[in-house]
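Try each task yourself before you read the solution under it.

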Amino acid sequence: MIDTHCHLNFKAFKDDADEVIKRAHDAGVTRIINVGSQWDTSARGVSMAEEREGLYAAIALHPIHLYEQEVDEEETHFTTRAEVFDYDKYKKLALESKKVVAIGECGLDYYHFPKGENIEEVKKKQADSFQQHIDLATELNLPLIIHCREAYDDLFQILNEAVKAGKLPGRGVNHCFLGTREQAKKFLDLGFYLSFTGIITFKNASPELLEVVKETPLDKIMVETDAPYLAPHPYRGKRNEPAYVVEVANKIAELKEVDFKIVLDMTTKNAEYLFTI
Ligand code: NI
């Protein structure tokens, strides 16, 4: 299996990344894509991938890192550092390693607005940064890993224009999809994949989200952990890790009423195709 989105490059794994990778291998998760959220974690993801077989990297500046702000959620609390997306610096990083398989995670986040900032300006800044990531993915012919939170309308507008202009030949994936059926359809119509996390295993998972899993064709689905966040049931509340991606695939098999093996084969093939790995 492939965990298509996790963050072993984050502090949460600084002491035991290799043990975590070993546990993933033992669980059959032999390939892992480490996703960056700013310069430090992107660069660290690349060096980790260079040192280890089966590890790949995606690099980008996440929209919440455009401003310094406190982020407080169920399983995490941290202060983000402000960064401006430096196109040439990220491009150079991508070209330095064959293990860089995507640009991401990037996109729009209207859930975490920095306090005291003008909302329209924040949106504009996020859109500009996202646009640059689209251009970089286009120039390097890499797929995009999209983060979108409560910003689907604006995101689709940007993506539609990009695709119409011939950009993003490699398309991409909406990671940790949490949208509606209609939004799911829009991604699929644009040629994007949907990827699901442990959220679909939660006892209080939204019925509409589970419907989306059921309705999305298996050849458009990928699985991920988003570790260290979003540990699936029965590990909810603990630090997540790539080995647990098996729980996500299990839930998809249950919802779609197909064999686990089919979900495993299809989601692996999809990731191999999208990320050329
Ligand atoms: Ni993530």
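**Exercise 1.** Work out whether Lys14 counts as buried or exposed, then find its salt-bridge partner.

*Solution.* 
Step 1. Start with the cut-offs: buried means under 20% relative accessible area, exposed means over 50%, and partly exposed is in between (1.4 Å probe, protein chains only).
Step 2. Lys14 has 56% relative accessibility, so it counts as exposed.
Step 3. Now the partner: Lys14 forms a salt bridge with Asp15. That term means a side-chain nitrogen of Lys or Arg within 4 Å of a carboxyl oxygen of Asp or Glu. Here the closest N and O atoms are 3.6 Å apart.
Step 4. Asp15 is exposed as well, at 67%.

A quick word on what you're looking at: this is a predicted model, where local features need pLDDT of at least 70, side-chain atom pairs count only at pLDDT 80 or more, and totals for chains, interfaces and linings use all residues. Residues are numbered from 1 along each chain as its sequence is written, and side-chain values use heavy atoms, with hydrogens and water left out.

**Exercise 2.** Find out how Lys251 and Glu254 are placed relative to each other in helix 8.

*Solution.* 
Step 1. Helix 8 covers residues 245-256; helices (H or I, at least four residues) and strands (E, at least two) are DSSP runs, numbered from the N terminus.
Step 2. Lys251 and Glu254 sit three residues apart there, so about one helical turn separates them.
Step 3. Their side chains meet in a salt bridge, 3.3 Å from N to O.

**Exercise 3.** Which residues hold the nickel ion, and why is their arrangement called irregular?

*Solution.* 
Step 1. List the donors, meaning N, O and S atoms within 2.8 Å of the metal (3.2 Å for Na, K and Ca); water is not among the atoms, so sites may look incomplete. They come from His5 (NE2), His7 (NE2), Glu105 (OE) and Asp226 (OD), at 2.2 to 2.3 Å.
Step 2. Recall the rule: four donors are tetrahedral if all angles lie between 85 and 135 degrees; four are square planar and six octahedral if opposite donors are over 155 degrees apart and all others between 65 and 115; anything else is irregular.
Step 3. The angles around the nickel ion run from 83 to 173°, which makes the arrangement irregular.
Step 4. Look at burial too: His7 is buried at 1%, and Glu105 is buried at 4%.
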